[in-house]
Amino acid sequence: MNRTTRMKISKRMLACSMIFTLAVCPILSTGTAMAEPATSRADQSVDKAAVQSPIQYQIDVRLDEKNMTLHGNQTVVFRNTSKDTLKELVFHTFADANRAKDTQPSMFEHTNAELQKNEPNRKPEDFLGGIDITKVQSNGQVLPFNNKNQALTATLGQALKPDESVTIQIAFDVKIPYGSQRLSYYKNIINGAHWFPVMSVYDENKHEWDRTPYSTSFESDYYTSSDFKVNMNVPASYQVSMPGTITEHESTEAGRKIVSTVSNNTRELVFFASPDFKVASETRDGLTVQYYYFDNMKGKKEIIDQYIDQAFKAIQFFSDKFGKYPYPEFRIVESYVEGVAVEFARVIQMGMIQNKKDASQDTVFVHEIAHQWFHALIGNNSETESFLDEGFADFAKVYFSEKQGDTLSGFNSIRMDIEPIDLSIASSNTEVADMANPVYYGKGSQAIYQLYRMVGEEKFDPFMKEYFKRYIYQNATIDGLLQTIEDTLGKVVRYDMEKALRQPNFVLKPEYQMTEDEQTAYMHEQFKSIYDGIFTQYPILPEETMSRIIHKALLGEPLTIVLSDPLSSTAKTQQEQLVERLKMTFTIMGIHADVMTDRPTIKAKLEKELAKSNIIVIGDAKSNALLQAMKRGIMKRTEAIGYPWKDMMNKKDASGAYVIKHPYNQKRLMVNFFMTDKQEMEPYMIKASEALNFSSHFYQFYSMNAAGKVTTDKKIENPMAKLFEQQ
């Protein structure tokens, strides 16, 4: 949302959950001790991105960790590469997005609200921050400036002609907000994105600077690749991750040090700092991959090593397919972001690793690595043409999975086109609003896949290498992409791709879509994989968990729905509604379930077929033949989970559900959904679906009132559940 700030529960998991439920030079003096130039050991080999950028930064900054502020001076050498004479320079001051809640990205609003609820001493203003510009000058001359609406405009003393350069010095102070924003601090980590004034992009066709504030709904990362030298004064105990060649030496201040980096031809300069970071590092063929992580659980280092190995595989694949990764290092940072992963140049930010995480199945991780090609190396205006980074990164992720032999995360994952969307893939962030995920990622990756299928891999790969060659360290556009397609693949292919991107309601061509049988088989394996992952990740869960009965069915164990008979007309209608909802869900998941209602049949099969099957029983002990027959065994089993079965079955107007081991077979499960004639069925059915769903908490039982409100329950918290709730 990876930058995603994308909800990095993978989007296919989110889609499945939704279906189931419904059916992230000179230095000015400011009088503050600043960072001193570093002269000691290098943690990485020398930065080899040798092409000089038109913009060079030198930034000296001091972190005040007690007040969570930054005090910085930066010198920027800017060369006018346009054909226009410039009278002013413009810098983005995206840190000012934190001046007010209304201008902060909405994707962090829920998390911040939860933090504030759990930490009542936190004031709303703690979650706010911003950047103050204290001085702007050039060659000793103070320049007039204003910092308004996240844009710093400095008026030049002398107009800057084409191909001329100017040196600007800026002094600034930053208040880092508390919370989970891109620029924030939380617990023992500081997330440092958008922390200094960064040069805007000048559009010589429009004869104007880009002054767009940072998007509140998605992303606005549109920069010129630049050369950076940064000296950061931090406490001696801190580990700091930044792009580039990092060096360290002691500061003249006791207990502090200077962490420096040289990072050439880099799209953006971010940092992450913590006193508790551990750093795992491995070098292969001149490339060093580092993972900054928290050593907070047994076996963490082994999982980190798997991620590092996966990073090498992905970088090698993308280098072979698109163009060589040109930097000597790549870094991954673990942080407390939830449901979000974020790409930056040469660094990606991931959430906390959970127990038994399988790096080879973490497609979000690969998506973020792919952004090194489609965002960091090939840039674009992610406010107006987000498809160019998100669509290509998502396709690249799928391409990688396909070639790794992953039939679930490979091309099959984008061959199922459910319905058109009345928006073009080329839409801007403003136009797509909250539809970024299906438009940029979903439809965008499908459009690229369609191109891949039309021309074949033997032509697609050379086209991608030409696209990379033309736009490495530059900013691409959709027009430029289409021209590259025309030049390498021909006008007919260009026309077809332009239609796919610019017209609304794109749908994958039928010949590239799955057949119905393929869809059924794929969804079955997809859900099976998801449930496998959930229960592998939480191995100590009790057997009596409602969602386990779905997992068992996906693994091929028999499943039977047993209904009550006879019933009142109201109860019969209620029962039929719930059964239809369950059957629709099972059809989507490729699960077969037998349905039994007839009492003689139930009695005849009770100790044979039904004893071998997992069972979903609908109805209470008074109306369901199976419950009557198993009453003694059910009472014993419910004692094991602390459920007052007898009291609940005798309680007037009782509704709810519980799960136990099958009274006749402890290797099978039985889930009983029961309700009264007065029960509101829609909230009841939603809760029933939720209780069986992989994205919810792990329910053992719950009770509801007639309006559908849960009055009591017993469940084990699923950390993933709140991430799905935010969707």
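Where is Thr93 found? In this predicted model, Thr93 is found in the loop between β4 (86-92) and α2 (109-118). Thr93 counts as buried because its relative accessibility is 1%, under the 20% limit for that class. Beyond neighbours within four places in sequence, the contacts of Thr93 are Ile131, Ile133, Asn147, Gln150, Ala151, Leu152 and Pro197.

The largest nonpolar core comprises 80 residues, of which Phe318, Ile369, Trp373, Phe387, Phe460 and Tyr467 touch the most other members. With residues up to four places away in sequence not counted, Phe318 touches Gly323, Val366, Ile369, Ala370, Trp373, Ala396, Lys397 and Phe400. A second, separate core holds 71 residues, including Leu63, Phe91, Val136 and Val342.

Helix α10 spans residues 491-502, and its 12 residues reach 16 Å from the first C-alpha to the last, close to the 16 Å expected at 1.5 Å a residue. Within α10, Val493, Arg494, Asp496, Met497, Ala500 and Leu501 are buried. These residues lie on the same side of α10 because they cover an arc of only 165° around the axis. The buried residues of α10 pack against α5 (387-403), α7 (436-455) and α9 (478-489), whereas Lys491, Val492 and Tyr495 are exposed on the other side of the helix.

Side chains of opposite charge can pair when their charged atoms come close. Across the whole structure, 38 salt bridges are found. One of these joins the side chains of Lys403 and Glu457, at 2.8 Å from N to O. This pair links distant parts of the chain, with Lys403 in helix α5 and Glu457 in helix α8 (residues 457-471), 54 residues apart. Lys403 is partly exposed, at a relative accessible area of 40%, and Glu457 is likewise partly exposed, at 23%.

A salt bridge also forms between Glu518 and Arg415, whose closest N and O atoms are 3.2 Å apart. Glu518 belongs to helix α11 (residues 516-537) and Arg415 to the loop between α5 and α6 (429-432), so the pair ties together parts that are 103 residues apart in sequence. Glu518 is partly exposed at 35% relative accessibility, while Arg415 is buried, with a relative accessible area of 14%.

In the salt bridge between Arg470 and Asp487, the closest N and O atoms are 3.0 Å apart. Arg470 in helix α8 and Asp487 in helix α9 are 17 residues apart, and the pair links distant parts of the chain. Arg470 is partly exposed, with a relative accessible area of 32%, and Asp487 counts as partly exposed at 44%. Salt bridges with shared partners also join Asp479, Glu486, Arg494, Glu498 and Arg502 into one network.

Note on methods. Residues are numbered from 1 along each chain as its sequence is written. This is a predicted model: local features need pLDDT of at least 70, side-chain atom pairs count only at pLDDT 80 or more; totals for chains, interfaces and linings use all residues. Side-chain values use heavy atoms; hydrogens and water are left out. Helices (H or I, at least four residues) and strands (E, at least two) are DSSP runs, numbered from the N terminus. Buried means under 20% relative accessible area, exposed over 50%, partly exposed in between (1.4 Å probe, protein chains only). Contact means heavy atoms within 4.5 Å. The expected span of a helix is 1.5 Å times one less than its number of residues. The arc is that of the directions from the helix axis to the C-beta atoms. A nonpolar core is a set of buried Ala, Val, Leu, Ile, Met, Phe, Trp, Tyr and Cys residues joined through side-chain atoms within 4.5 Å. A salt bridge is a side-chain nitrogen of Lys or Arg within 4 Å of a carboxyl oxygen of Asp or Glu.
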